[in-house]
Structures are given as structure tokens and as C-alpha cells.
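Colleague: I have a model open and want to know what stands behind the labels. Can you take me through them?

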Amino acid sequence: MENIRDYFGVRVRKGFEPMLSALQRLHVTPNQVTIFGTLLNVAAAALIALDHLIYAGIVFLVAGCCDMLDGALARRAQQSTKWGAFLDSTFDRVSEGVVLAAIAYLLASQGHALDAALVALALLGSILVSYTRARAESLGVECKVGIMSRPERIILIALGLFF
């Protein structure tokens, strides 16, 4: 039985096919997409810190698309490398970290210390999701289960920024 993530994932990947073709024709590398997405997340964090949340949400969603495109482009262009996978996973943590840190900063600057602390815990949780999966796989244990993986966190954070 197909779960909701798989159902939407198939449709989103099909929707990205024209963009993947264009990126390939333009000789854009997966690492360039990764770096561009990270820069967009830094821009989103700056917008959050300036309390421009709607704009930040839009930029954050575009950056999230880059996060989905880089791996798909690497596979499609047969450019998958260990270095690229390392760069992608490291920059994903940086991207999520700067955005959540900016949210915590904004909340703290508005006098919402408890909310800022909860965002700090969310940041810890997001890092732990990735760490536990990577650690399990390094020990030879398959770890494909869990809640709130990167795509779900992107959607949840974006919804929070919009509303």
C-alpha cells in the first residue's frame, strides 16, 4: 500500500521533469543546485530575521525545490558522487539550521522566549533525524522509517511562515 509521502513524491518528481531537462541542457551540475538552494535558505533566514515571513516562505519553498532537484539531477545526469552526497546532506543541515535559527531569533526578539526555545528543540530534532539515520546506516542497519523527514519539515516550516 502506498503512503501519502510516496503518492505525492511520485507526482512531484514527474512535475520536475521539465526543469531537470532544462538544467541538464544548461549544463548545471547537481552541486551548483545544492549551493544555490543553500544560498536561497540563507536569504530566507535573512527575510525571517527582518520579519518578512511571506517572502521568506516563498524563498524557502523555492530552496526546498532545489533540495529535491539536486539529487534527481545527479541521478538523471549520472553525476552521483560520494562528495556530492556529502555536500548535499551537509548543506541541508546548514540550510535548515539557519532558517530555524532565524525563526528562534525573531521569536526571541519579540519576547516569545518559550516559543524560541521550542524552535531550538525543533532544530535539535531535525539534526537528530538525519544523524540517527546516518549513524544506523554506518553500522549496517537499514533505517528507512521515521516521521518528519526533510520534505515534511520543509512543508511544515513553510506553512508556519505563511500562517
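Modeller: Start with D67, which lies in helix 4. Helices here are DSSP runs (H or I, at least four residues), numbered from the N terminus. This is a predicted model: local features need pLDDT of at least 70, side-chain atom pairs count only at pLDDT 80 or more, and totals for chains, interfaces and linings use all residues. Residues are numbered from 1 along each chain as its sequence is written, and side-chain values use heavy atoms, with hydrogens and water left out.

Colleague: Why is D67 called buried?

Modeller: Buried means under 20% relative accessible area, exposed over 50%, partly exposed in between (1.4 Å probe, protein chains only). D67 has 15%, so it is buried.

Colleague: What does D67 touch, leaving out residues up to four places away in sequence?

Modeller: D88, D92, R150 and I154. Contact means heavy atoms within 4.5 Å.

Colleague: What makes E17 and R76 a salt bridge?

Modeller: The rule asks for a side-chain nitrogen of Lys or Arg within 4 Å of a carboxyl oxygen of Asp or Glu. The closest N and O atoms of E17 and R76 are 2.4 Å apart, so the pair meets the rule. E17 lies in helix 2 and R76 in helix 4, so the pair ties together parts that are 59 residues apart in sequence.

Colleague: Why are E17 and R76 called partly exposed?

Modeller: E17 has a relative accessible area of 37%. R76 has 33%.

Colleague: How many salt bridges does the rule give?

Modeller: The count is 2. E96 forms one with R153, with the closest N and O atoms 2.5 Å apart. The pair links distant parts of the chain, with E96 in helix 5 and R153 in helix 7, 57 residues apart.

Colleague: Are E96 and R153 buried or exposed?

Modeller: E96 is buried, at 1% relative accessibility. R153 is buried too, at 6%.

Colleague: What makes up the largest nonpolar core?

Modeller: It has 29 residues; I48, F60, V99, I103, I157 and L161 have the most contacts inside it. Helix 4 supplies the largest share, 8 residues. Such a core is a set of buried Ala, Val, Leu, Ile, Met, Phe, Trp, Tyr and Cys residues joined through side-chain atoms within 4.5 Å.

Colleague: Where is confidence lowest in the chain?

Modeller: In helix 1 (residues 4-15), at a mean of 72. Helix 3 is highest, at 98. pLDDT is the predictor's confidence in each residue, from 0 to 100.

Definitions and conventions
Helix = DSSP H or I, 4+ residues; strand = E, 2+ residues; numbered from the N terminus.
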